[in-house]
Amino acid sequence: MDSRRDFLRKSALLSLGGIVTKAVSEEKLNAIEKMSGENLSAATFILPPLPYAYDALEPFIDKQTMELHHSKHHKAYVDKLNDALLTTKNPGDATLEGIFKNMNAYNDAVRNNAGGHYNHTLFWSLMKENKDAKPNIPTGKMADAINATYTSFDEFKKAFADAGMKRFGSGWAWLIAENNKIKIISSPNQDNSLMSFAETKGIPVLALDVWEHA
Ligand code: MN
């Protein structure tokens, strides 16, 4: 969990006085600076680099899919989130988690793009190179929770795949944790289980993008 937290932190808000990345245009920064205090998000999200090369997941996910998905789709979520926040009143905590907790205070552009940014950042961090296709079987407490809830890892995999297959339209399949219990759910579009209006709330543990582009 620690490396995941570090990874998410890297994609978190950067203050205006902080690092300015190539992902943020001069024009956008000027626009942010001109805004009054009440609208000022004082923050810019950045596209985190993938934690591996675009071809690292071949033959399971090809290089072209990964490159488009990260450099075009994920980047668009980040850019549109920054644009949407320029004209959004900042109710306080403008971290991704803060936005999700207070989701009703934001419009659909923030909902879709903050969700898209968080979901993809988590998704990338959950995968790694495995050229030999060595089985990666959970151990320890996660194995115990999976066996207790789904009888076996094989049954868990079936239930997880099923959640993705049954999601009508675009969305995500999730394994979430809440009150020491795990649960498989799915969400539409870029919603996730951290959003204040989520039917089933919990901490996302495993994410599977079931959009066509994935
Ligand atoms: Mn996607």
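Leaving aside neighbours within four places in sequence, which residues is Y52 in contact with? Read on for the answer, after a word on the model.

## About the model

This is a predicted model: local features need pLDDT of at least 70, side-chain atom pairs count only at pLDDT 80 or more, and totals for chains, interfaces and linings use all residues. Residues are numbered from 1 along each chain as its sequence is written, and side-chain values use heavy atoms, with hydrogens and water left out.

## Y52 and the cores

With those neighbours set aside, Y52 is in contact (heavy atoms within 4.5 Å) with L57, M66, W124, M127 and K128. Y52, I99 and V110 touch the most other members of the largest nonpolar core, which has 29 residues. A nonpolar core is a set of buried Ala, Val, Leu, Ile, Met, Phe, Trp, Tyr and Cys residues joined through side-chain atoms within 4.5 Å; buried means under 20% relative accessible area, with a 1.4 Å probe and protein chains only. Helix α5 gives this core its largest share, six residues.

A second, separate core has 10 residues, including Y150, F156, A163 and A173.

## The manganese site

The manganese ion is coordinated at 2.0 to 2.2 Å by H69 (NE2), H120 (NE2), D209 (OD) and H213 (NE2). Donors here are N, O and S atoms within 2.8 Å of the metal (3.2 Å for Na, K and Ca); water is not among the atoms, so sites may look incomplete. Because H120 lies in helix α5 (residues 108-125) and H213 in the segment after β3 (203-209), the pair ties together parts that are 93 residues apart in sequence. H120 and H213 are both buried.

Technical notes: Helices (H or I, at least four residues) and strands (E, at least two) are DSSP runs, numbered from the N terminus. Buried means under 20% relative accessible area, exposed over 50%, partly exposed in between (1.4 Å probe, protein chains only).
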